[in-house]
Amino acid sequence: MVTNARPRGRPRKDEEPAPAEEALEAALHSFATHGFNGVSVRTLSRELGVSHNLLHQRFGSKEGIWRAAVDHGFGGIVAAILAADDESVPPLERLHAFVRTFVRFSAEHPELLRLINIEGSQPGERLDYITEKFIAPVIARFLPLRDELLERGEIRPVPPEMIYYIITSGGGAMFASRELTERLFGETSVSATRSDEYAESFADFLIDALRP
């Protein structure tokens, strides 16, 4: 006779496996809303309905949770951008696809812009981690594309840092500041069903603005 059979029903908190994707999504949202110092592992575990020890066992520390959440979020947007980059198409089409993909992903994941706005306001290891692992490689990939378009006379000599902030902040700000956008322009302005339309319109707008 089996004497150690597990009882039926919902497992006890301490027995539940750490919810990987759910935990990372919740952590990313919390860090993007309250900042690193405003988030505690105990608060996060309470929001997820799991034990405090489970998150420590899976991620090791609050720093470990932060890095895993950043890898999950920023890794996703980098993967989407690289997957959409077709080097066989004309340079201007490549730039359009890059902008469209970035803006669409940012619209669907506004916590990424919120988080980089928080971490970008002061130097430190967390900012270094995001920039060196995710942002710098993407810039290094597309900066030669900007230079090629400039040499071909297809865009104006706009500084790369200006293009960067127009795309990153301009393309995602209305979704990152959802409450403000809804107050000013109504709920439909940031509807999830509009992300594709908005991304396409923004990419068209930027390309037209860069043309000579």
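Here is a short talk about a pocket and a helix pair in this predicted model.

Reader: How do you know which residues belong to the lining of the largest pocket?

Author: A lining residue has an atom within 4 Å of a pocket point. By that rule 31 residues line the largest pocket, and F102, I135, I139, Y164 and T168 lie nearest its centre. The space inside comes to about 710 Å³.

Reader: Which helices supply at least two residues each of that lining, and which one gives the most?

Author: The suppliers are α4 (62-84), α5 (91-108), α6 (111-119), α7 (125-151) and α8 (160-176). Of these, α7 gives the most, with nine residues.

Reader: How many residues of the lining are nonpolar, polar and charged?

Author: The lining has 23 nonpolar residues, six polar and two charged. Tyr counts as nonpolar, while Gly is placed among the polar ones.

Reader: What makes the contact between them, and what is its make-up by class?

Author: Contact means heavy atoms within 4.5 Å. On the α8 side the residues are I163, I166, I167, G170, G171, M174 and F175; on the α10 side they are Y198, F202, L206 and L210. Because Gly counts as polar, G170 and G171 go into that class.

Conventions:
Residues are numbered from 1 along each chain as its sequence is written. This is a predicted model: local features need pLDDT of at least 70, side-chain atom pairs count only at pLDDT 80 or more; totals for chains, interfaces and linings use all residues. Side-chain values use heavy atoms; hydrogens and water are left out. On a 1 Å grid over the protein atoms alone, a cavity is a set of points where a 1.4 Å probe fits but cannot get out, and a pocket is an open set with protein on both sides within 12 Å along at least five of seven lines; lining residues have an atom within 4 Å of a point. Grid points are joined across faces, edges and corners, and a volume is the space filled by probe spheres set on the points. Helices (H or I, at least four residues) and strands (E, at least two) are DSSP runs, numbered from the N terminus.
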